[in-house]
Amino acid sequence: MKKPELLEALKRAHADTCSYFESLSPDDFFRSTTGWTAAENLEHLSKATSGTLLGFRSPRAILGLAFGKKSSRSFDEVRDEYESILAQGKGAGALYQPRSQKADASKQKAMIEKFRKSCEKLERAVSSWSEEDLDKCGIPHPLLGKLSGREMAYFCIFHPAHHLEKLKSKLATAN
(Lines give C-alpha, C1' and ligand atoms only; values in the text may rest on other atoms or scores of the structure.)
Protein backbone atom coordinates (compact mmCIF):
# COMPACT_ATOMS: atom_id res chain seq x y z
CA MET A 1 0.00 0.00 0.00
CA LYS A 2 1.16 3.47 -0.75
CA LYS A 3 0.91 6.07 2.01
CA PRO A 4 -2.53 7.53 1.06
CA GLU A 5 -4.06 4.03 0.97
CA LEU A 6 -2.31 3.13 4.18
CA LEU A 7 -3.66 6.18 5.99
CA GLU A 8 -7.18 5.57 4.70
CA ALA A 9 -7.08 1.91 5.82
CA LEU A 10 -5.72 2.96 9.23
CA LYS A 11 -8.50 5.53 9.72
CA ARG A 12 -11.14 3.04 8.61
CA ALA A 13 -9.82 0.34 10.97
CA HIS A 14 -9.85 2.78 13.88
CA ALA A 15 -13.34 4.10 13.06
CA ASP A 16 -14.71 0.56 12.71
CA THR A 17 -13.19 -0.42 16.05
CA CYS A 18 -14.66 2.60 17.84
CA SER A 19 -18.06 2.02 16.22
CA TYR A 20 -18.11 -1.58 17.35
CA PHE A 21 -17.27 -0.77 20.97
CA GLU A 22 -19.83 2.07 20.93
CA SER A 23 -22.48 -0.38 19.71
CA LEU A 24 -22.07 -2.64 22.74
CA SER A 25 -24.34 -2.28 25.71
CA PRO A 26 -22.52 -1.81 29.02
CA ASP A 27 -23.55 -5.39 29.89
CA ASP A 28 -21.86 -6.75 26.77
CA PHE A 29 -18.88 -4.41 27.09
CA PHE A 30 -18.08 -5.73 30.57
CA ARG A 31 -19.49 -9.29 30.15
CA SER A 32 -17.17 -12.05 31.26
CA THR A 33 -16.38 -14.48 28.46
CA THR A 34 -13.61 -16.94 27.92
CA GLY A 35 -10.54 -14.73 27.74
CA TRP A 36 -10.72 -10.96 27.82
CA THR A 37 -13.93 -8.95 28.08
CA ALA A 38 -14.68 -6.29 25.45
CA ALA A 39 -13.43 -3.69 27.94
CA GLU A 40 -10.18 -5.59 28.40
CA ASN A 41 -9.75 -5.97 24.63
CA LEU A 42 -10.20 -2.23 24.23
CA GLU A 43 -7.69 -1.48 26.96
CA HIS A 44 -5.19 -3.81 25.27
CA LEU A 45 -5.77 -2.07 21.93
CA SER A 46 -5.26 1.32 23.60
CA LYS A 47 -1.98 0.18 25.13
CA ALA A 48 -0.80 -1.25 21.80
CA THR A 49 -1.75 1.95 19.96
CA SER A 50 0.06 4.12 22.52
CA GLY A 51 3.16 1.95 22.28
CA THR A 52 3.14 2.15 18.51
CA LEU A 53 2.68 5.91 18.69
CA LEU A 54 5.94 6.17 20.65
CA GLY A 55 7.71 4.37 17.82
CA PHE A 56 6.27 6.64 15.14
CA ARG A 57 7.18 9.73 17.19
CA SER A 58 10.81 8.67 17.71
CA PRO A 59 13.50 10.42 15.67
CA ARG A 60 13.66 8.69 12.29
CA ALA A 61 17.43 8.96 12.09
CA ILE A 62 17.77 6.91 15.25
CA LEU A 63 15.10 4.42 14.14
CA GLY A 64 16.86 4.04 10.81
CA LEU A 65 20.19 3.30 12.45
CA ALA A 66 18.89 1.07 15.21
CA PHE A 67 16.07 -0.79 13.47
CA GLY A 68 16.42 0.06 9.78
CA LYS A 69 14.99 -2.16 7.06
CA LYS A 70 15.56 -1.95 3.34
CA SER A 71 12.16 -3.21 2.19
CA SER A 72 8.69 -3.89 3.54
CA ARG A 73 6.69 -7.05 3.26
CA SER A 74 3.08 -7.00 2.13
CA PHE A 75 0.11 -6.55 4.43
CA ASP A 76 -0.76 -10.25 4.05
CA GLU A 77 2.79 -11.40 4.85
CA VAL A 78 2.93 -9.37 8.08
CA ARG A 79 -0.57 -10.49 9.13
CA ASP A 80 0.22 -14.14 8.36
CA GLU A 81 3.42 -14.01 10.41
CA TYR A 82 1.51 -12.49 13.34
CA GLU A 83 -1.17 -15.18 13.17
CA SER A 84 1.52 -17.86 13.01
CA ILE A 85 3.17 -16.48 16.15
CA LEU A 86 -0.18 -16.43 17.96
CA ALA A 87 -0.86 -20.02 16.86
CA GLN A 88 2.38 -20.98 18.64
CA GLY A 89 0.82 -19.80 21.90
CA LYS A 90 2.62 -16.47 22.15
CA GLY A 91 0.67 -13.36 23.01
CA ALA A 92 0.72 -9.92 24.56
CA GLY A 93 3.50 -9.29 27.02
CA ALA A 94 2.93 -7.88 30.50
CA LEU A 95 3.17 -4.28 29.27
CA TYR A 96 0.17 -4.81 26.99
CA GLN A 97 -1.99 -6.91 29.32
CA PRO A 98 -5.25 -5.24 30.35
CA ARG A 99 -6.43 -4.76 33.91
CA SER A 100 -9.83 -6.17 34.84
CA GLN A 101 -12.53 -3.53 34.53
CA LYS A 102 -15.59 -2.91 36.70
CA ALA A 103 -18.87 -2.37 34.85
CA ASP A 104 -19.63 1.33 34.49
CA ALA A 105 -21.28 2.92 31.43
CA SER A 106 -19.32 6.16 31.85
CA LYS A 107 -16.09 4.15 32.00
CA GLN A 108 -17.01 2.56 28.66
CA LYS A 109 -17.37 5.97 27.02
CA ALA A 110 -14.13 7.21 28.55
CA MET A 111 -12.23 4.12 27.35
CA ILE A 112 -13.56 4.51 23.81
CA GLU A 113 -12.64 8.20 23.79
CA LYS A 114 -9.13 7.43 25.05
CA PHE A 115 -8.67 4.88 22.27
CA ARG A 116 -10.07 7.31 19.67
CA LYS A 117 -7.62 10.06 20.72
CA SER A 118 -4.67 7.64 20.61
CA CYS A 119 -5.74 6.57 17.13
CA GLU A 120 -5.95 10.16 15.92
CA LYS A 121 -2.46 10.86 17.27
CA LEU A 122 -1.13 7.71 15.62
CA GLU A 123 -2.72 8.64 12.28
CA ARG A 124 -1.09 12.10 12.46
CA ALA A 125 2.28 10.56 13.35
CA VAL A 126 2.13 8.08 10.45
CA SER A 127 1.09 10.86 8.06
CA SER A 128 4.23 12.81 9.02
CA TRP A 129 6.45 10.03 7.66
CA SER A 130 7.55 10.14 4.04
CA GLU A 131 6.89 7.24 1.71
CA GLU A 132 10.62 6.49 1.83
CA ASP A 133 10.84 6.64 5.64
CA LEU A 134 7.99 4.12 5.94
CA ASP A 135 10.35 1.56 4.41
CA LYS A 136 13.79 2.64 5.57
CA CYS A 137 13.02 3.25 9.26
CA GLY A 138 12.21 0.36 11.54
CA ILE A 139 10.17 0.15 14.69
CA PRO A 140 10.49 -2.78 17.12
CA HIS A 141 7.42 -4.93 17.76
CA PRO A 142 7.32 -7.15 20.88
CA LEU A 143 6.30 -10.30 18.94
CA LEU A 144 7.27 -9.59 15.34
CA GLY A 145 10.70 -8.06 15.98
CA LYS A 146 11.99 -5.32 13.67
CA LEU A 147 9.27 -3.97 11.40
CA SER A 148 9.48 -1.16 8.91
CA GLY A 149 7.20 1.79 9.59
CA ARG A 150 4.93 0.55 6.80
CA GLU A 151 4.77 -2.94 8.33
CA MET A 152 3.97 -1.45 11.74
CA ALA A 153 1.15 0.56 10.16
CA TYR A 154 -0.14 -2.68 8.60
CA PHE A 155 -0.12 -4.21 12.07
CA CYS A 156 -2.18 -1.27 13.36
CA ILE A 157 -4.75 -2.00 10.65
CA PHE A 158 -5.21 -5.73 11.20
CA HIS A 159 -4.61 -5.92 14.96
CA PRO A 160 -7.94 -4.33 15.99
CA ALA A 161 -9.81 -6.44 13.41
CA HIS A 162 -8.20 -9.57 14.87
CA HIS A 163 -9.52 -8.68 18.33
CA LEU A 164 -12.98 -7.69 17.09
CA GLU A 165 -13.39 -10.94 15.16
CA LYS A 166 -12.62 -13.03 18.25
CA LEU A 167 -14.74 -10.81 20.50
CA LYS A 168 -17.79 -10.88 18.21
CA SER A 169 -17.64 -14.66 18.14
CA LYS A 170 -17.38 -14.91 21.95
CA LEU A 171 -20.23 -12.48 22.56
CA ALA A 172 -22.46 -14.23 20.00
CA THR A 173 -22.05 -17.56 21.81
CA ALA A 174 -22.49 -15.91 25.25
CA ASN A 175 -25.87 -14.39 24.33
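Lys and Arg count as positive here, and Asp and Glu as negative; His and the chain ends are left out. The views below all come from a predicted model.

**View 1. Charged side chains of the chain.** The chain carries 28 positive side chains and 23 negative ones.

**View 2. The whole chain and its outline.** The chain has 175 residues, and a compact globule with that number would have a radius of gyration near 16 Å. The chain itself has 16 Å, so the two values agree. Its C-alpha atoms fill a box of roughly 50 × 35 × 25 Å, taken along the principal axes.

**View 3. Helices and strands in order.** Count the elements along the chain. There are 8 helices and 2 strands. Starting at the N terminus, the order is α-α-α-α-α-α-α-β-β-α.

View 4. How much of the chain counts as buried? The share is 44% of the 175 residues. The accessible surface of the chain is about 9000 Å². Carbon and sulfur atoms make up 52% of that surface.

View 5. The structure holds 0 disulfides. Cys156 is in no disulfide either; its nearest cysteine sulfur belongs to Cys119, 8.5 Å away. A disulfide needs two cysteine sulfur atoms within 2.5 Å.

**View 6. Cys137 and Cys156: buried or exposed?** Cys137 has a relative accessible area of 1%, so Cys137 is buried. Cys156 has 8%, so Cys156 is buried too. The cut-off for buried is under 20%.

**View 7. Gly51 in helix α3.** Find helix α3, which covers residues 38–57. Gly51 sits in this helix. Its relative accessibility is 24%, so Gly51 counts as partly exposed. Now locate Val78. In sequence, Gly51 and Val78 are 27 residues apart. In space, their C-alpha atoms are 18 Å apart.

Definitions and conventions. Residues are numbered from 1 along each chain as its sequence is written. This is a predicted model: local features need pLDDT of at least 70, side-chain atom pairs count only at pLDDT 80 or more; totals for chains, interfaces and linings use all residues. Side-chain values use heavy atoms; hydrogens and water are left out. Buried means under 20% relative accessible area, exposed over 50%, partly exposed in between (1.4 Å probe, protein chains only). Helices (H or I, at least four residues) and strands (E, at least two) are DSSP runs, numbered from the N terminus. The radius of gyration is taken over C-alpha atoms; the globule rule is 2.2 Å times the number of residues to the power 0.38. Accessible areas come from the Shrake-Rupley method with a 1.4 Å probe; for residues, only the protein chains shown count as cover. The place of a charge is taken as NZ of Lys, CZ of Arg, CG of Asp or CD of Glu.
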